[in-house]
Amino acid sequence: YSNPYIFNKLILVSPQDIKSALKTPDKMCEIRRYLLNSPVLGTLIYNICMSRQKLNSGFVLKYFNNKNSISQNLIDTYSENAHLGGSNAKYLFTSTECHYTTVSISKAVSKIDNSIYIINGSCDTTAIESAKLYKSLNPAIESVTIENAKHYPQIEQPLKFIKNIDIFLSWNQLKIRMFFYPLLHVISPSSSFNLPSVQKNGFPK
């Protein structure tokens, strides 16, 4: 917010709750950090938390409204990235779980003068309440709720997600689809939508 010229418009997808960003490490966090940083026990706990079974369970319970949207490719991608760097991967997990990476964003949200657009899934009640708090700090913030989606509306409802981005950014819908289609296909191969046909000059028919 101190340099509004870096970004013009901001899109937040299921942003972190402002209250959770205020949490700081306490004595219990210190104990958890000590356990997670231990060479053997900490690595074991991390590997259990980042196992494919745990990831799938977390997706079903917390992040997805429709479990059929959870592709094996998505789970494999999360699992692979969670173990990049071997046992050293646990240190970022430890820092986030024990609130060493949190920072108050209330002042920045209230003072930022850029266009901000929040996209949430209708089944993510926590994110919806969080959006209300963002808007209470800055009434200029706009928000939209995508039906039949939870924490990852960009995966569960890609067409609706792209449509809302198109409206907010006033981009040509073809350009947005050309940008997002490869990403969505990699993350969720089951997501199917057709790109509009184009003429020889590159414009949509």
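Guide: A residue is called buried when its relative accessible area is under 20% and exposed when it is over 50%, with partly exposed in between. The model in view is predicted.

Glu30 has a relative accessible area of 35%, so it counts as partly exposed. Its side chain forms a salt bridge with that of Arg33, with N and O 3.2 Å apart. Arg33, at 31%, is likewise partly exposed.

The structure holds four salt bridges in total. Another of them joins Glu129 to Lys132 at 3.4 Å, N to O. This pair lies in helix α7 (residues 125-137), again three residues apart and about one turn of the helix. Glu129 is partly exposed at 48%.

The salt bridge between Asp76 and Arg52, at 3.0 Å from N to O, connects distant parts of the chain: Asp76 belongs to helix α4 (residues 72-82) and Arg52 to helix α3 (residues 52-63), 24 residues apart. Asp76 has a relative accessibility of 25% and therefore counts as partly exposed, and Arg52 is partly exposed at 45%.

Glu156, in helix α8 (residues 153-156), presents another arrangement. Glu156 is buried yet takes part in no salt bridge, and Lys150, the nearest side chain of opposite charge, is 8.0 Å away. Polar atoms of the Glu156 side chain are instead found 2.9 Å from the backbone nitrogen of Asn65 and 2.8 Å from the backbone nitrogen of Asn66. Beyond its neighbours within four places in sequence, Glu156 has contacts that include Tyr63, Phe64, Ser69, Asn148 and Ala149.

Ala149 sits in the loop between β3 and α8, and its relative accessible area is 0%, so it is buried. Apart from residues up to four places away in sequence, it touches Asn65, Gly121, Ser122, Cys123, Asp124, Glu156 and Gln157.

Methods. Residues numbered from 1 in each chain as written. Predicted model: local features only at pLDDT ≥ 70, side-chain atom pairs only at ≥ 80, totals over all residues. Heavy atoms only, no water. Helix = DSSP H or I, 4+ residues; strand = E, 2+ residues; numbered from the N terminus. Buried < 20%, exposed > 50% of the residue type's maximum accessible area, 1.4 Å probe, protein only. Lys, Arg positive; Asp, Glu negative; His and termini not counted. Polar contact = N/O pair within 3.5 Å; in protein donor to acceptor, adjacent residues only side chain to side chain. Contact = heavy atoms within 4.5 Å.
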